[in-house]
Amino acid sequence: MIKNIKFTLLLFIGVIHLAVNAAQIPSSIDPMMLEQFRQLSPAQQRSLAQSMGIDFTDLQKMLNSTGKDKKSAKEKVLPQYFPRGTEFNESGLPLPSEYSFSMIEEEEEDTGEPKPFGYDVFAVAPNTFAPSMDIAIPDDYIVGVGDTIFIQVFGKENYSYESPVSREGKIVIPELGAYVVSGLSFAELKKYLSNVINEQLVGAEVITTLTDLRSIRVFVLGDAFKPGQYVLSSLSSITHALFSAGGISDIGTLRNIELKRSGKVIARLDLYDLLIKGDSSNDLLLKSGDVIFIPPVGERVTVEGEINRPGIYELSGQESFQDIIDIAGGLLPTAYLKSSIVERFNERNLRTVQNLDFTKPSDLMKKTQNGDHIKIVKTSEVYDDSITLIGAVTRPGKYQWKPEMRVSDVIPAIHAYLEEDAEVNYSIVVREKGIGRNIEVHQFSIHDALTDPDSQDNLVLESRDKVIVFSNVESENVDVRSLESLAFTKAELIEIEKQEAEDAYDEKTFWETYDADASSIQTGVEDETEKQALEQTFNSMDEITRKDSDTLNINTLGYFSRKRLLAPIIEQLKRQASAGTPIQLIEVEGAVKFPGLYPLSKNAKVTDAILAAGGLKESAYLGNAEITRDDISLTNASKKSMNIVLGEALAGNLDENITLKSKDRINIHQIPSWQENHIVELKGEFKFPGKYTIRRGESLGQLIERVGGFTDFAYVQASLFTREKLKEMEVQNLVKVSESLRMEIASKNLANQSGPSINYDQARKLLADITQVKPVGRLVVDIPRILKDDTFDVLLEDGDVLYVPTKQNSVNVIGQVQVATSHIYQPGLDAIEYVNLSGGMKIQADDERIYVIKANGSVEIPGTDSWFASSGYELQPGDTVVVPLDSSYMENIQLWKVSTQIIYQAAVAIAAISGI
């Protein structure tokens, strides 16, 4: 702001100077002073000109002059206020430059470092130094030469008089006389004039005011921003002069400003009193000839941290730390006073560190020293006497902890305090134990805690416990976060992650991607899509001992799912495990809803582990379950297995519901021959088409017989049977074929010495199209044979589809023929004859590799020796004849092109020889 004001002021002075005839300006008036004259009233201009020994008539000519002297503007005025090297236009104004733009547009950067206190108050300095005329005249103002007095008289007759105070200290009132007023205070002046006028005009009312005040000349010297002589109003004080001089420089003092009069120091001004306390008692009024001297800055200390006004403060004497804190505006509530830091230079001029307890008066009253750097540190972010509620709750966050506080006190009701998808049978409390901040896990059921407040599930909470409530949603695509960062609602977390994504956006990468080729971008997306795969974390107990399991990658978890909320807990339990302190983790696998790795809670039993895993599936076998446990001794470690009756354990039998230990693995078996509903769909010419549930081991023939067979219009030879598993295999095969073709094309281009024979970008697009082919998953089946002989029957799987079309009476011809079309079936015709009905083969056709796709999907190759020989192979309705492309055709075209060029060049050469 200061830079902007100074630049604007200097530029304005330069413009004004262009309208002034420099030849007429006396040497005692510079352009800035001339501009000051313009701001004064005529009476003030006359008085100031007389005091400076300038003829008022000449001054008026200079002020009214319209002449222009570009040379003087460029050589006398502007270079005084702009740095060397600044270029000017024909009008004498500075051209835009790095300097000018930086002065106007750039603000001072806030580096975060403490700044000297008080100097920025001069950033609001006025744009002009003209005396202010809109202020009240104080009663103690001393009237002197140059003041103009305005007198109004009301009575039998009304008079008004205006008279300046002459050099003899008198004013002249027409018809009344001359009166000596110099040296009187303003209050004395009003009383004096009222008395003397009433002596001559009995009963008159006299009102006395000052219309124009005299000007005074003062000197601002020392470390001012712009020291020199200034003309001010007679009502100006020390601070007015400082503002007129642009303030105090960075090396000037704020606390020991001297006012000198007649060579003696008559007062000292401490600006801290004015800036901090609002005390202006020492801001004395100036007299003409006064000198304001600004000595260099004194001793300083720096204060930063948890304080209201961090900065660098000047010392005036032996201030204590309490005094400095008061000057800096006091402490913030987050200040940690017991360990404040003071950096100080010792007698060897080396920096030392002292820790002071500012809660003690003795430390606060210690004296500061020059160069002290006081740091008020921030208190810890750790909450005391609180608990944290995390997860699928309506109001997560910190809550006050009280002795004997229980779970039911934090979550008194399910519907009002839990989300709709909250898990009510499995929740945990993470509790710190000891000063090492190791954790232990306590498991409880919210349902049981609220149903029976006296049950063991209604845990007694301790200070700094974390109560975690899970949800049953496991499918949202999010990243793992720390446990504390999840103490928000779902909507708040979404907004937080959006903001983090915007903050982490790399602009450079954006522009590189923006400038890249669009086709390569698209291909990159497709390649990335091909490589995507779902990953799980903590799938088995073995993972926690492998080195490659250190980095977590959880991509498909809900905000408050088990895996997401348990991930940081599991990591902490892994870190705190050591020799003699086994890792507190167990694993639950098999017929449970959420298999995986779970913390081993205090005194956890088999039923607790099942609840942690979401409960049993419908297919769980209650007759038996297996527990695998480590058997560790001083010299050996082995695995042992135990079988329990799961149904008895769930019923509360303590012999079966055993207490779990570290790294136990519980495997819940599935009921033998258990099968979910497997659906097969029958479409087309069935008597009863639709979706059917199949039995385990049921075959296609058995299902056809069960649904009543086909209609009279069914063409079973053209049946289409598809299977989901085959679709997945086709996708994998397409990707493999695409990769093989890519390698083959690249190898062929490298081997071709004459240059690439295939455009690689086009080849990549072609290969990308191959991978986008929609798979069919067709399995060739011979329905008539299956119905006759069950040896050829097919066992059905979930998702199988059988389509039986209506009877067909056509044969299709596709590929490299003149017209690809369908023909009415004619008994006795072979494949070549049907090709001839389509106009014959194209030149690029491969006549040796013609094949037939049968109506049921099988492929047969007719036995032909040439294009014109009859194969003797008779087609059936629904068959398709395929004429493939000759793979070497493109190479032959290239060869023919080269050969044509050689023949043409030879013919030209022969013609040339003939013309000789």
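Let me start with a working rule: a charge sits over a ring if NZ of Lys or CZ of Arg is within 6 Å of the ring centre and within 35 degrees of the ring normal. Arg395 meets that rule, lying over the face of Tyr417 at 4.7 Å from the ring centre. The charged end of Arg785 is placed over the ring of Phe792 too, 4.8 Å from the centre.

A quick word on what you are looking at, friends. This is a predicted model, in which local features need pLDDT of at least 70 and side-chain atom pairs count only at pLDDT 80 or more, while totals for chains, interfaces and linings use all residues. Residues are numbered from 1 along each chain as its sequence is written, and side-chain values use heavy atoms, with hydrogens and water left out.

Now to rings that meet rings. Rings of Phe, Tyr and Trp (its six-membered ring) pair if their centres lie within 6.5 Å; planes under 30 degrees apart count as stacked, over 60 as edge-to-face and the rest as tilted. Searching the whole structure turns up 9 aromatic pairs. One of them is Phe321 with Phe358: the centres are 5.6 Å apart and the planes at 40°, so this pair is tilted. Phe321 belongs to helix 10 (residues 321-327) and Phe358 to the loop between strand 14 (351-356) and helix 11 (361-364), so the pair ties together parts 37 residues apart in sequence. Helices here (H or I, at least four residues) and strands (E, at least two) are DSSP runs, numbered from the N terminus. Are these two phenylalanines, Phe321 and Phe358, buried or exposed? Both are buried, where buried means under 20% relative accessible area, exposed over 50% and partly exposed in between (1.4 Å probe, protein chains only). Elsewhere, ring pairs join Phe117, Tyr272 and Tyr313 into a cluster.

Next, some backbone. Most residues other than glycine have a negative phi. Arg464 has a positive one, near 75°; you will find Arg464 in the loop between helix 14 (446-451) and strand 20 (466-471), partly exposed at 28% relative accessible area. Lys663 also has a positive phi, about 65°. Its loop runs between helix 20 (646-650) and strand 25 (665-670), and Lys663 is partly exposed at 23%.

Last stop, helix 18. In helix 18 (residues 562-576), 13 of the 15 residues are buried, so the rest of the structure largely encloses it. Where does helix 18 bend? The bend is at Pro568, by about 30°, taken as the angle between axes fitted to the seven residues ending there and the seven starting there.
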